[in-house]
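This report goes through selected local features of one model. The sequence and structure come first, followed by the notes.

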Amino acid sequence: MSPSSERGAGQPRALVVSLMVGALLALGLSWGGWFWHIHGARFRGLAPYFFARQDMWLLDVQAMVLAGLAIWVWLARKAAPHTKGHSVPDGLIAVGILLVVLAAWLGRQLVFHGYSPSRDELMVEMAGAYLAEGRIGWPIPPEWLAFRHAIQPEFYSPYGADTHWTAIYLPVHAAIRALFIQLGVADLAAPVTLGIGLLALWHNARKLMPQRPDAVLVTMVMALTSAQLVTTAMTPYAMTSHFAFNMVWLALVLRGDRMGHAGAALVALLAAGLHQWHFPLLFVGPFILWMAANRRWGAAAFHMLVAVAIMLLWARLWPMVLTDLVGPPPPSDVHRTNGIFDKLESLFGRLDGWQPLLNNARLVSWNNLLLLPLAGLALVGVRWRGLWREVPIALPLALGVVAGMGLALYQGYGWGFRYMHGQIGALCLLAGLGWQACVKDGPRPRHLLLIGSVASLLSGLWLMQDTESYVRGYARTMAAIRAADADVVLVDIRGGYYMSDLVRFDEGRLATPVVIALQMLNEIQIDRLCATHRVAIMDRAQFWPLGVHRVAPVFRGSDAIQKRRDHLAAIGCGRPVIGSPAGPRT
C-alpha cells in the first residue's frame, strides 16, 4: 500500500498559497451564500437561517485569520532556520480523545438538554428502544390504529405499517444504542463510538506517516478540534457511527493481508446497515478504484463483491426479513423503502435541494479552519508523473471528499454538514499528509497549528453555545407537552421550523399525553378524540414565549390547519397546554 507522497517537506510557498486559498474559499462561501440564498429572500428556510445565524460570521472571521497566518508564514519563511520540534507524547493524544468523549457525553444535557430536534434522531431512539427489548417494532395499540400516521407522521417503515411503528432506517446504529440502553447509559453510545473512530484515525495516521509524528499530531488536532465531530456525538445521529466505521474499515484495509480485508468486508457490511446502505459506498468506492489502479486486482475484485453483497443484504434481504417479522407494506401505503430503485428515486428526487454553498459553508465553519487548506496540500505532495507506477493514498481520500462535497443535498438539521461526516476522517488524514508534504517540523509551524486550533476551539465553543440557545426553546416546549394535564395534545405546527417533529412518543412507548399532528386529522377524527379524551393544543402562542424561533406562520397548508382550529373552537374542544389564550388565527 502506498501510504503517502514521496516529496520532501518544506514548501513554504505552497503553505502560503493554501492558506490564502482557504481564506478566499471562506469568503466565497460567506458572500456567495449570502447573495444566493439570503439577500432579497422573503422567507428563510432552516438551512439559510442557520447560515445567516452562525456560518457566515465564522467564515468571515476564518478568512481574516487565514489571511493573517498566510502573511505571517510568508514574512517569517527566512527569518530563522527551522529547528526540529519536540515530539508530543502519545499520552496527550489519548487524553485528548478521552476529553472529547467526555465533552460529547456531557454536551447531551448541557447543549441539547437531552432533546433531539430532528425526526432522524427520533428514529434512532425509537429503534434502539424496541431492539433493546428484543422487538423489531412497537405494536400499535388498537385504539390508536386510526390515528397511527398522525402520531408517527413520517420516516416510518412501510413494512407492517398497519400494525407496527417501525423505523424506516436500517438497524445497526440503533442496535449499538440498544446495547447502551441495556447498560443504562443510552446517551453514551455516540460518544464511545466517536472515541473508537478517533482511535482508529490515530492508528491510520501513524500507519501512513510513521516518520512524522508531527503530521500525526496535525491529523489528530484536526479531529479533536472539530466542532462537527464533537457536537454530532452529543446527538443520536447515525453519522458518528459512519465516521467510526469508515476509520476502522480503513485501518483493516491498510493491514494489506487477508485477515485485514476479511475484517474490512465485515465492517463494510455492518456500516451499510447503520442507517442507509449507500453511505459507506461513497467512502469505500474510491479505495476500490485505488486498489485497481495499483494493480491489486484481487483486493479490488473482493471489495467490489462486498459492495454487491451490501446491496443484496440491505436492499433485498432485509426487506424480506421485515416482511416476515412485521408484515408486508399495506396496499394503501406508498412510503418509500430501502430498495435499490427507491434509493435511486429518492436521490434524484432530492437534487432540487442541492445546496453546495450552504452545506459546504457549514462544513468549513464547523471544523478547524486549517483543515481544508492543509488537506489541499496533500495533492501538492503527489508525484503526478509517477502515477502509472503507484497511486498514493491521498487520491482515494481526496476523491471521496470531493464527491461528498459535491453531493451537497439538503440536510435539514445538522451541526456541521452531516452528510460529509463519514469523510471527516479522510479530511484529517489529508491534512496530515499535506503537512508532511509541505511543512518542516519546528517551533514556527507548531505555532501556526496552535493559533489555528485555538481559534477553532473558541469558534466551536461559540457554536455550541448558540446551538444550546436555539434548541432550548424546543426542549422547553417538549417538556411542557409531556407535562400537560391532558390525554391528547394536538400540535399546530405553524410558526416554527419542523414543528411536526414535536409529534413524538418517548422512544416509541406510547404514553399520556398522546401527541398528534393536527394537520393530519380530519373533522371526524377530531370529533372522535374530543368526545372520548381530554384534548389540549400546543401552538405558536405558547412555544414562541418558550424560546422557539419565530417563523412566519403562513405557508402551504396553513388554511387547512386553520379550518381544523376553527372546528375545534366551534365544538368547544382543546385548551392550551400552558395556561394562556389559544393561539392567534391567521
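S453 sits in helix α19, which spans residues 443-482. The model is a predicted one. With a relative accessible area of 7%, S453 falls under the 20% limit and is therefore buried. Leaving aside neighbours within four places in sequence, S453 is in contact with V221, T225 and N368. The C-alpha atoms of S453 and N367 are separated by 9.7 Å, and these two residues are 86 residues apart along the chain.

N294 is found in the loop between α12 (279-293) and α13 (297-326). Its relative accessibility is 6%, so N294 counts as buried. Not counting residues up to four places away in sequence, N294 touches E390 and V391.

Next comes the packing of two helices. Such a pair is described by the angle between the axes and the distance between the axes. For helix α7 (residues 189-208) and helix α18 (residues 424-438), the axes come within 10 Å and cross at roughly 35°. The crossing of α7 and α18 is right-handed. On the α7 side the contact is made by L201, N204, A205 and L208, and on the α18 side by G425, C428 and L429. Sorted by type, the residues of this contact are five nonpolar and two polar, with no charged residue.

Helix α18 also holds Q436. Q436 has a relative accessibility of 12% and so counts as buried. From Q436 to A223 the C-alpha to C-alpha distance is 17 Å, while the two are 213 residues apart in sequence.

Helix α20 (residues 523-532) has two sides. Which of its residues are buried? They are Q525, I526 and L529. These residues cover an arc of only 100° around the axis, and therefore lie on the same side of α20. The cover over the buried residues of α20 includes the strands β3 (488-491), β4 (514-517) and β5 (535-538), together with helix α22 (558-570). On the other side of α20, I524, A531 and T532 are exposed. The N-terminal end of α20 is capped by N522, with a side-chain oxygen 3.2 Å from the backbone nitrogen of I524.

The peptide bond from T512 to P513 is cis, with omega near 0°. P513 belongs to the loop between β3 and β4. Y498 also lies in the loop between β3 and β4. Phi of Y498 is positive, about 50°, although Y498 is not a glycine. F155, likewise a residue other than glycine, has a positive phi near 65°. The place of F155 is in the loop between α5 (148-151) and β2 (164-165).

The table gives accessibility for residues discussed above.

| Residue | Relative accessibility | Class |
|---|---|---|
| N294 | 6% | buried |
| S453 | 7% | buried |
| Q436 | 12% | buried |
| F155 | 23% | partly exposed |
| Y498 | 36% | partly exposed |

Where do the partly exposed entries fall relative to the cut-offs? Partly exposed lies between under 20% for buried and over 50% for exposed, so F155 at 23% counts as partly exposed, and so does Y498 at 36%.

Conventions: Residues are numbered from 1 along each chain as its sequence is written. This is a predicted model: local features need pLDDT of at least 70, side-chain atom pairs count only at pLDDT 80 or more; totals for chains, interfaces and linings use all residues. Side-chain values use heavy atoms; hydrogens and water are left out. Helices (H or I, at least four residues) and strands (E, at least two) are DSSP runs, numbered from the N terminus. Buried means under 20% relative accessible area, exposed over 50%, partly exposed in between (1.4 Å probe, protein chains only). Contact means heavy atoms within 4.5 Å. Axes are lines fitted to C-alpha atoms, for helices over the stretch in contact, and angles run from 0 to 180 degrees between N-to-C directions. A crossing is left-handed if the near helix is turned anticlockwise from the far one by less than a right angle, and right-handed if clockwise. Ala, Val, Leu, Ile, Met, Phe, Trp, Tyr, Cys and Pro count as nonpolar, Asp, Glu, Lys and Arg as charged, and the others, Gly among them, as polar. The arc is that of the directions from the helix axis to the C-beta atoms. A polar contact is a pair of N or O atoms within 3.5 Å; within protein, one must be able to donate a hydrogen and the other to accept it, and residues adjacent in sequence count only if both atoms are side-chain atoms.
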